[in-house]
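Colleague: Could you walk me through this one? I would like to begin with how the chains meet and then look at a single chain.

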Protein chains: 2
Amino acid sequence: MTSYNNRQYRLAARPVGLPKRSDWSYVEEPARAPDDGEVLVAVEYLSLDPAMRGWMNDGKSYIPPVAIGAVMRALGVGKIVESKSDHFASGDYVSGGFGIQAYATVPAKDCTKIDPSIAPLTVYLNVLGMTGMTAYFGLLDVGEPKSGDTVVVSGAAGAVGATVGQIAKIQGCRVVGIAGGPQKCAYVVEELGFDACIDYKAANLAKSLREFCPNGIDVYFDNVGGDILEACLAQINLHARIVICGAISQYNATTPPKGPANYLSLLVNRAKMQGMIVFDYADRYGLAAREMAGWMAEGKLKSREDVVEGLETFPETLLKLFSGENHGKLVLKV
Amino acid sequence: MTSYNNRQYRLAARPVGLPKRSDWSYVEEPARAPDDGEVLVAVEYLSLDPAMRGWMNDGKSYIPPVAIGAVMRALGVGKIVESKSDHFASGDYVSGGFGIQAYATVPAKDCTKIDPSIAPLTVYLNVLGMTGMTAYFGLLDVGEPKSGDTVVVSGAAGAVGATVGQIAKIQGCRVVGIAGGPQKCAYVVEELGFDACIDYKAANLAKSLREFCPNGIDVYFDNVGGDILEACLAQINLHARIVICGAISQYNATTPPKGPANYLSLLVNRAKMQGMIVFDYADRYGLAAREMAGWMAEGKLKSREDVVEGLETFPETLLKLFSGENHGKLVLKV
């Protein structure tokens, strides 16, 4: 059999604040040959997500933390180069939890076949992958938007936010994004078709929300937490729904996070604030992906990826998520 | 016609922190005779509720604030002494929003007939009144308890909390109260039948919650906010429901309230936190009251009122709610 030279990033230490180079160890070693029921995947693209920061922390969460010394957890897409499974052949394209490495030896049952003739590979990490599923189920199942509702989305130029806003437009909602900087805001309005986008770095957020949401906020899809969550809570309508999908403003905090001081707006407005994790909707991924692929084919839904080349750039590329430098879904090309 | 000497407490100033004597003006004047469609009610008992503190503040809320110079808003029960309505006769007992006064001249349509042969008058301000409705709909509609769930209730010796816990027991839940002081905790366990009650003034709350909720918290019914909300959020289960009914710890705060710093527990646990206001369920009050009266008749549900005599004691009696001195639903006997 061929020997494949693997390259990996392993977690070396639990970060305090932003992950540093010394929190990672870079390892080169031959890829392990697949056992029965396993496949060896040549990873082509890796998904970089804000949630990865949470996986690096110790403590109870919705999935176990990445162990010190383990390959960093990440979703990826790639081509099977060796198969010891009846379900896949060499040359098949698959997605799965491959980790930050060039080759992954994984159980065949953990892989999902994907079709690069339907959409480019990177789209399977974005709109047709977990990012898209998060947006779809978070907005539709938890946010329950109705036609005519005003939907506000933070992190609007980010991978999840961009898709949330576009789906909300498809549902007939007025959609207002919140993003950092004029370039992102222009992208959100001009390319993604949001009705408005507020630059939280430049604007008075409360004033801008009043201006762009003259009928108040019915659904707030929160990717960021902190002051932006609080500003939105102050302007929700009766029976509003707040989807807690993430809190990127808090992930690298070294002091305790600040809770929303005005959470009693939930009481006054009989509103709900609900957390969501995409894994809970696994039995409906297929249905959602078919609907999203249909919207893409009709030109109603765009999938934009910010592809950075080179597995070796991972430690620095990951930080783009937290500085807000990425434009579209951040993807690492191996 | 007879002339009735009315006595009233009117709001004189918007309180800062706890309401002071000088925030009230005491007025004696003849009661106004009823016009067509109105009744004159001799008020017998008045309901004193934490929510009243919110009604004294200026600003947008779920109902308009009490105007400066207006009779303080309050629910009450009493006997009709003059009727200019076909729907009521002199001698009928009614409940309604009578305000802190001895006589109320109100539209007949705002009164609900009550039957003192079914339950003592004060019960119509407690389990069979808005307090009971708040507990019933907040727990059952928002909290959605299932048999076997662990339900935690703060303000457990308070009017709403006591009823919430008893209804949760009727639903087959494990019920843990949180209250202040050994006397209240004993009452909650021994008289109301909760499985346990934590004295938050004496106990390490986190440790006690772990001890008494070994399977975690499925429903948390919050009447208090602050540190207790945060301690409960830290121990919720997957898909838990947090009912935000009140936040008595925050109502007299003169500094901005503290939000729950660990609200991301909602994300990790895909849990929801939802506010409720009893008025939204008005079309089902009748059904709920019939079910609650049935439970009372079966001995499964107790209604305990802490009756303080004398309308003139209102300014001081109200403060018992915030010092936690009341035992059971606080009621003022006119």
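Colleague: How many residues of chain A are in contact with chain B, and how many of chain B with chain A?

Modeller: Please keep in mind that this is a predicted model. In it, 25 residues of chain A are in contact with 25 residues of chain B.

Colleague: Which helix and which strand of chain A each supply at least two residues to that side?

Modeller: Those are helix H7 (265-268) and strand E13 (272-275) of chain A, and the largest share of the side of chain A that touches chain B comes from E13(A), which gives four residues.

Colleague: And what kinds of residues make up the side of chain A that touches chain B?

Modeller: On that side of chain A there are 16 nonpolar residues, together with five polar and four charged ones.

Colleague: Back to E13(A): in which sense, parallel or antiparallel, does it pair with strand E13 of chain B?

Modeller: E13(A) and strand E13 of chain B (residues 272-275) pair in the antiparallel sense, over three bridges. As one example of how the residues face each other, A:Gln274 stands opposite B:Lys272 in E13(B).

Colleague: Changing topic, what domains does the assignment give for chain A?

Modeller: The domain assignment gives domain 1, made of 5-126 + 304-333, and domain 2, which covers 130-279. The C-alpha centres of these two domains of chain A lie 28 Å apart, and the contact between them takes 17 residues from domain 1 and 14 residues from domain 2.

Colleague: Which helix gives the most to the domain 1 side?

Modeller: Helix H1 of chain A (residues 51-55) gives the most there, with three residues, and by class the whole domain 1 side that touches domain 2 has eight nonpolar, six polar and three charged residues.

Colleague: Now for chain B, which residues of helix H9 are buried?

Modeller: In H9(B), which spans residues 314-323, the buried residues are B:Phe314, B:Thr317, B:Leu318 and B:Leu321.

Colleague: Why do they line one face of the helix?

Modeller: Seen down the axis of H9(B), its buried residues fall within an arc of 105°, and therefore they line one face.

Colleague: What covers the buried residues, and which exposed residues sit on the face turned away?

Modeller: The cover over the buried residues of H9(B) includes strands E1 (5-11), E14 (305-309) and E15 (329-333) and helix H1 (51-55), which belong to chain B. The face turned away from the buried side carries the exposed residues B:Glu316 and B:Ser323.

Colleague: What comes just after H9(B)?

Modeller: Just after that helix, B:Gly324 takes a positive phi of about 75°.

How values were computed:
Residues are numbered from 1 along each chain as its sequence is written. Chains are lettered from A and ligands numbered from 1 in the order in which they are written. This is a predicted model: local features need pLDDT of at least 70, side-chain atom pairs count only at pLDDT 80 or more; totals for chains, interfaces and linings use all residues. Two residues are in contact if their C-beta atoms, placed from the backbone, lie within 7 Å. Ala, Val, Leu, Ile, Met, Phe, Trp, Tyr, Cys and Pro count as nonpolar, Asp, Glu, Lys and Arg as charged, and the others, Gly among them, as polar. Two strands pair if DSSP finds at least two bridges between them. Domain bounds come from an automatic or database domain assignment. A residue is buried if 20 or more other C-beta atoms lie within 10 Å of its own, exposed if 12 or fewer, and partly exposed in between; C-beta atoms are placed from the backbone. The arc is that of the directions from the helix axis to the C-beta atoms.
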